[in-house]
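Here are a few friendly notes on how the two chains sit together. Please have the structure open beside you as you read.

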Protein chains: 2
Amino acid sequence: MVDIADIRAAAERVLPVVVRTPLISSPVLDEMVGGRVFLKAENLQRTGSFKIRGAYNLLSQLTQEQAARGVIAFSSGNHAQAVAAAGTMLGIDTTIVMPEDAPQIKIENTRKLGGTTVLYDRYTGDRETIARQMAAERGCEVVPSYDHRHIIAGQGTAGLEIVEQCREAGVTPEQVLINCSGGGLTAGCAIAISSDFPDAGIYAIEPEAFDDTRRSLDSGKREQVNVSAHSICDALQVATPGEITFDINKRLLAGAESVTDDEVREAIRFAFRHLKLVVEPGGAASLAAVLSGKIEMRDRVTVAMMSGGNIDAELFSSIQSTT
Amino acid sequence: MVDIADIRAAAERVLPVVVRTPLISSPVLDEMVGGRVFLKAENLQRTGSFKIRGAYNLLSQLTQEQAARGVIAFSSGNHAQAVAAAGTMLGIDTTIVMPEDAPQIKIENTRKLGGTTVLYDRYTGDRETIARQMAAERGCEVVPSYDHRHIIAGQGTAGLEIVEQCREAGVTPEQVLINCSGGGLTAGCAIAISSDFPDAGIYAIEPEAFDDTRRSLDSGKREQVNVSAHSICDALQVATPGEITFDINKRLLAGAESVTDDEVREAIRFAFRHLKLVVEPGGAASLAAVLSGKIEMRDRVTVAMMSGGNIDAELFSSIQSTT
């Protein structure tokens, strides 16, 4: 399992390479919801998302032999960039299997950061199978994007910073909203935050079409959603929660909520207009939950995760022009 | 004159209403310029620019009698929003004279924040004359946007935060770039920063067509540029430096640099793509100077001001789509 000591150790490891992203407050947002909201701006993180925290924590712990063989990952784009960047920093070759319809910015950046990309069709291929096959052929490690204790511990360092920054700001978070795909960020942050603020309610926020964690929390076991469903949140599309992550989330979460694509678009517009932040669809799910009133905000102190900002200019513009 | 004690007093006054905006660093930017760059993100400030700092500092010091009569301001948009917001917080009526071609977002927000707007033609009318006439008729105060000691002291609180945040980050800024219009933010920040970091070189950054501070520093007296020139930086268009501000800047600045509209556009694109920040043209001048190599960055620690983020979605999109 993963515990707070693992996250503290991960924090030491990633300290030299990650940005301590700010915890941002906005009077406009506070007034609108009638409570206090703090946004953890992981869209401002190196590579444009929190994923570098987990990828670097894992890659930096490979043996020399493992490192020499290179690694393979599969990712819709943010983990891809993170693995490529961490690989380049550590001198490890990286190959990343990505859906061919991933945002251009994510594919381009993965290449620029030094990764080799292998594209597949999201609706007909299975990225995990492709990646595992390649790894078997090469005899090298697969870097999972969430269901691994080093990834969870690394991603949990964002939660550790939330704790420190809440202390610095003199506030006690009553609820924390985390954008949830496979559940690594949610699990890591849940461990870090509940360790210091045991009374904080931690919620996973998912796209409506990929509410596997919500369904799984309801039934108590890992439920499956239709993976060929469509959502604007390209970063939050998994069919089922991770094994390790769900084990942690089942124990630590207060609940889960889902948001519609339109609510996500509205959050991206709000972030542009009022927060002056660029957020990608998957990165805006928690803000969408805040703005749509899905979670009660009034008179409460809420932390919401903005997990990424890698969005193509064309999509961003088209979202801004529709109101 | 204005001194560090005035800025400290202003900081106490504005503390309850302003956001302590983050000092942001970006590994991509650092690697690109070969030095360390810290961005003071005043685009994340309440009302989307630093202007609230000066406006609130002045309005909160009006006598009850002055406050009861309301105030008048003239502004291209950021000071307008700031005066409107400060007025609403303090229960003071505000009327703001704005150019009719100001960004829609600035005019709309000024109204939403509780200000009454009076529009004029930037190329034929003189906003100061219009404002002073109205003030004389109503017997009320004009809130200048830079050339007033309360405004300068208030705007200098951004510089005070830069000092604190550099100390917290354990860095000594060697040069500080401030976007410059009338020179209030530049003067206030110069006082605050030079008081703690006397060796830091402080530079005013202006649009090429409005390089009045650069010309004035060269000649030693307040020079005039053609006010009907065009620049994408709607927030940085003044014909000549303020009297009080130039007096301070003449004494404290290491120099000034100017940037072209294309360099500003490139900075806005870079901020979207790599920093995930929304910056308006006038707010991006310093970043443009950083990226264009106008100021030497290599092996240096530089702080650059991002002074505002109020840009219309249409202009933002059109800048993103041209490379």
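1. At the interface, 28 residues of chain B are in contact (heavy atoms within 4.5 Å) with 28 residues of chain A. Of the interface residues of chain B, 100% are also interface residues in chain A, so the copies meet through the same surface.

2. Please keep in mind that this is a predicted model, in which local features need pLDDT of at least 70 and side-chain atom pairs count only at pLDDT 80 or more, while totals for chains, interfaces and linings use all residues. Residues are numbered from 1 along each chain as its sequence is written, chains are lettered from A and ligands numbered from 1 in the order in which they are written, and side-chain values use heavy atoms, with hydrogens and water left out.

3. About 2200 Å² is buried between chain B and chain A, with 64% of that given by carbon and sulfur atoms; buried area is the accessible area (1.4 Å probe) that two parts lose on being put together, summed over both. B:Phe272, B:Arg273 and B:Lys276 supply 29% of what chain B buries against chain A, more than any other three residues.

4. Four salt bridges are found across the interface of chain B and chain A, by the rule of a side-chain nitrogen of Lys or Arg within 4 Å of a carboxyl oxygen of Asp or Glu. One of them joins the side chains of A:Arg46 and B:Glu31 (3.7 Å, N to O).
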